[in-house]
Amino acid sequence: MAKSFPWYFCQERKRLKLHQQQHRKQQQQQQQQSCKQSKERERTDIELKSFDKITQMNDKNRKDIACEIVAFANRNGGKLIFGISDDGHFEFDKDIDVDELKGKIHSICFDNISPVIEITTEYIDETEAKFFVIYVPKRKSIPHAYIEKRSNHEISNRIYHIRTSHGKRLVTDG
């Protein structure tokens, strides 16, 4: 005579099987989501920016980009990566004019940074995302500063930044 399990054992097995299926489904969704995220995170030598920061250029964005470049140069150098938001998500649907981006960045480096920083840029077009990377070298001599604008060859105000583990920091004498 075959033994029969009480009905509650059958119910428990069904509940356990359903829980395992739900758990597998959640894991698959998390894996798919993580494929859409960069493994890159902000740190002392990397800053992530949205393409909007450079494509929608205004005085505030221009100053922010210039100060980031200055902060990297005054520390150990670093990379400014456009195309990844602060939380690590890729930007997919951006139409990018690479020459225009390079022109904007070089304009910032010449007009708003003293002494001028010789940066290099790279555009990376992958299937899952597009990136524009600015490589900032470490300063060679005197510290770099953000400047509002040059009037002839005179600079009226310099603002110094340095890169820390928490982003850029204003450097003052006091």
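Phe90 counts as buried, at 12% relative accessibility (buried means under 20% relative accessible area, exposed over 50%, partly exposed in between, with a 1.4 Å probe and protein chains only). This is a predicted model: local features need pLDDT of at least 70, side-chain atom pairs count only at pLDDT 80 or more, and totals for chains, interfaces and linings use all residues. Residues are numbered from 1 along each chain as its sequence is written, and side-chain values use heavy atoms, with hydrogens and water left out. Helices (H or I, at least four residues) and strands (E, at least two) are DSSP runs, numbered from the N terminus.

**Aromatic pairs**

- The whole structure holds two aromatic pairs. Rings of Phe, Tyr and Trp (its six-membered ring) pair if their centres lie within 6.5 Å; planes under 30 degrees apart count as stacked, over 60 as edge-to-face and the rest as tilted.
- Phe82 and Phe132 make a tilted pair, because their planes stand at 45°, with ring centres 6.5 Å apart.
- Phe82 belongs to strand β2 and Phe132 to strand β5, so this pair ties together parts that are 50 residues apart in sequence.
- Phe82 is buried at a relative accessible area of 0%. Phe132 is buried too, at 0% relative accessibility.
- Phe90 and Phe131 pair edge-to-face, at 5.4 Å centre to centre and 75° between the planes.
- Phe90 sits in the loop between β2 and α4 and Phe131 in strand β5, so the pair links parts that are 41 residues apart in sequence.
- Phe131 is buried, with a relative accessible area of 11%.

**Mixed sheet**

- An open sheet of four strands runs in the order β1-β2-β5-β4, with mixed pairing. Two strands pair if DSSP finds at least two bridges between them.
- β1 (46-49) and β4 are the edge strands; each has a single partner strand, so one side of each lacks a neighbour in the sheet.
- The twist averages 20° from one strand to the next. Axes are lines fitted to C-alpha atoms, for helices over the stretch in contact, and angles run from 0 to 180 degrees between N-to-C directions.
- β1 pairs with strand β2 (residues 78-82) in the parallel sense, over four bridges. Leu48 stands opposite Ile81 in β2.
- α3 lies across β1, β2 and β5 (130-136), at about 155° to β2. Contact means heavy atoms within 4.5 Å.
- α4 packs on the sheet through β4 and β5, its direction making about 25° with that of β5.
- β4 and β5 run antiparallel and are joined by six bridges. They form a hairpin with four residues between them.
- Thr121 stands opposite Ile134 in β5.

**Antiparallel sheet**

- Another open sheet has four strands in the order β3-β6-β7-β8, with antiparallel pairing.
- β3 (113-114) and β8 (167-171) stand at its edges; each has a single partner strand, so one side of each is without a neighbour in the sheet.
- Strands β6 (residues 145-147) and β7 (residues 158-164) run antiparallel, joined by two bridges. Ile147 stands opposite Arg158 in β7.
- Helix α3 (residues 59-74) packs on this sheet, touching β3, β6, β7 and β8, and its direction makes about 65° with that of β7.

**Helix packing**

- The axes of α3 and helix α4 (residues 98-111) come within 10 Å and cross at roughly 70°.
- The two helices α3 and α4 are therefore roughly perpendicular to each other. Angles under 35 degrees count as roughly parallel, over 145 as roughly antiparallel, 65 to 115 as roughly perpendicular and the rest as oblique.
- On α3 the contact uses Arg62, Ile65, Ala66 and Ile69; on α4 it uses Ile105, Ser107, Ile108, Cys109 and Asp111.
- The residues of this contact are six nonpolar, one polar and two charged. Ala, Val, Leu, Ile, Met, Phe, Trp, Tyr, Cys and Pro count as nonpolar, Asp, Glu, Lys and Arg as charged, and the others, Gly among them, as polar.

**Loops**

- The peptide bond from Ser114 to Pro115 is cis, with omega near -15°. Most peptide bonds are trans.
- Pro115 lies in the loop between β3 and β4 (120-125).
- Lys140 lies in the loop between β5 and β6. Lys140 is exposed, at a relative accessible area of 83%.
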